[in-house]
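This briefing is meant for a reader who is meeting the structure for the first time, and it goes through a few local features one by one. Please keep the model at hand while reading.

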Amino acid sequence: MFFERSIEPVLRRAAREFPAVVLTGPRQSGKTTLLRRVFGKTHGYVSLEPPDVRLSASADPRGFLAANPGPIILDEVQYAPDLLAYVKEAIDTDRDACGRFLITGSQNLTLSARATESLAGRAAVLGLLPLSDREALRSPGMPLPWDPKRPLPHGARGPQRRRLWPALLRGGFPELVAHPRRDRGLWHASYVQTYLERDVRTLRQVGDLTQFQIFLRALAARSGQLLNLSDLSRDLGIAVNTAKAWLSVLEATYQVIVLRPYFANIGKRLVKMPKVYFTDVGTLCYLVGLRDPEHAAAGPLGGAIFETAVLGEIVKTLLHRGEEPRVFFWRTSSGTEVDILVEAGARLVPVEVKLSSTPRPNMAAGILKLRADLGKRVTEGYVVHPGDVRLPLAPGVTAIPFREL
């Protein structure tokens, strides 16, 4: 099954306007499938992952590109990053040949640095994350990601919550969404292990993968919370610099989103620590050991899981439009907080996330306080909940279901 991705119009436009397009994102997010479906009839294809192909591209890059002059899809180019300098050389021989090189990579840290250096002005750099909720639901023939005969999780009401929690546990990777009967625990276990073996060792040469996996699970348990790396390092018995390096690996390979606080000159003392969220909510559920939708919805991590899902939808929507997601949170030292702030030009769109399906006016308190402090920069705000109702809560604050996000 192929899922219609919202980035497709942006991708087509970029291929018409730039000699090269660089598409990055986590493994298994659908980069190769998307490029081959959209451009398979007009472009050749070569993967740089096989060792012999990688060696050929590294040993004789000019000869490799002469054999693959384009239009061509170069898949997983992080295995031969030096090739990008020669791609630049090939582009400069014919700057008018748009869409000649379509390049994918799973490691933002190495690939984007090389792309920025080698392909500046010659390449559009786009990002593809796992499926958003809207992308999964709008695809023709999409099977239901839940069992309609199964009882609702504790406290869940209405069709939205019946669908929501089983879908959150599976996550948004296309392979899992397309095959709802596939064992999600086994799939995520394999994904995490493959990620550790390939990406982590490639980027940081991590010697103790067991310790790194413990770090990964500890980070998942802190999803949506203020992240104090000093405390985390002390709890795990590792150096703070090691924790920082490992977090940078996770962020560079699109496994986590580090949400940083929004600062404005309002004369208040604001919290400076970031928050961390996993890009795929299914990966988060797997790492914290959740296997049942009822336990996920009613357990102590229910709020963090739902907040991760909401943030993921926002980031995916912006990124798949070809925009850089400028997303923050706001929290004062006195504890006043707004979960998510989306910066749109000079305006700020506040979003609160509540696990309750019954919106109440007091849920708008953080947004109203933010508006009082920041004034007209703050637009209409939203309280996102897992239920089915849309309801005004206060002037300029509306409660909306997750599905409408």
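In this predicted model, Lys 88 is in contact with Ser 118, Leu 119 and Arg 122, once its neighbours within four places in sequence are left aside.

- Lys 88 is found in helix H5, which covers residues 83-92.
- Although Lys 88 and Ala 20 are 68 residues apart along the chain, their C-alpha atoms are separated by 9.0 Å.

**The packing of H12 and H13**

- Helix H12 (residues 229-236) packs with helix H13 (residues 240-252) at an angle of about 110 degrees, and the axes of the two helices are 9 Å apart.
- Since angles of 65 to 115 degrees count as roughly perpendicular, H12 is described as roughly perpendicular to H13.
- On the side of H12 the contact is made by Leu 229, Ser 230 and Ser 233, while H13 contributes Val 240, Ala 243, Lys 244 and Leu 247.
- Sorted by class, this contact of H12 with H13 has four nonpolar residues, two polar residues and one charged residue.

**The second largest pocket**

- The volume of the second largest pocket is about 550 Å³, and its lining is formed by 27 residues, with Arg 27, Gln 28, Ser 29, Gly 30 and Thr 33 lying nearest its centre.
- Two or more lining residues come from each of helix H2 (31-39), helix H9 (174-178) and helix H10 (184-204), and H10 gives the most, with six residues.
- In terms of class, the lining of the second largest pocket has ten polar, nine nonpolar and eight charged residues.

**The cavities**

- The structure holds four cavities of 30 Å³ or more, and the largest cavity has a volume of about 310 Å³.
- The largest cavity is lined by 26 residues, of which Leu 131, Asp 133, Ala 167, Gly 171 and Gly 172 are the closest to its centre.
- The elements that give two or more residues to the lining of the largest cavity are helix H7 (133-138), helix H8 (158-170), H9 and helix H16 (302-319).
- The residues of the lining of the largest cavity divide by class into 14 nonpolar, six polar and six charged.

Definitions and conventions: Residues numbered from 1 in each chain as written. Predicted model: local features only at pLDDT ≥ 70, side-chain atom pairs only at ≥ 80, totals over all residues. Heavy atoms only, no water. 1 Å grid on protein atoms, 1.4 Å probe; cavity = no way out; pocket = protein on both sides within 12 Å on 5 of 7 lines; lining within 4 Å. Points joined across faces, edges and corners; volume = space filled by probe spheres on them. Helix = DSSP H or I, 4+ residues; strand = E, 2+ residues; numbered from the N terminus. Nonpolar A, V, L, I, M, F, W, Y, C, P; charged D, E, K, R; others polar. Axes fitted to C-alpha atoms, helices over the stretch in contact; angles between N-to-C directions. Parallel < 35°, antiparallel > 145°, perpendicular 65-115°, else oblique. Contact = heavy atoms within 4.5 Å.
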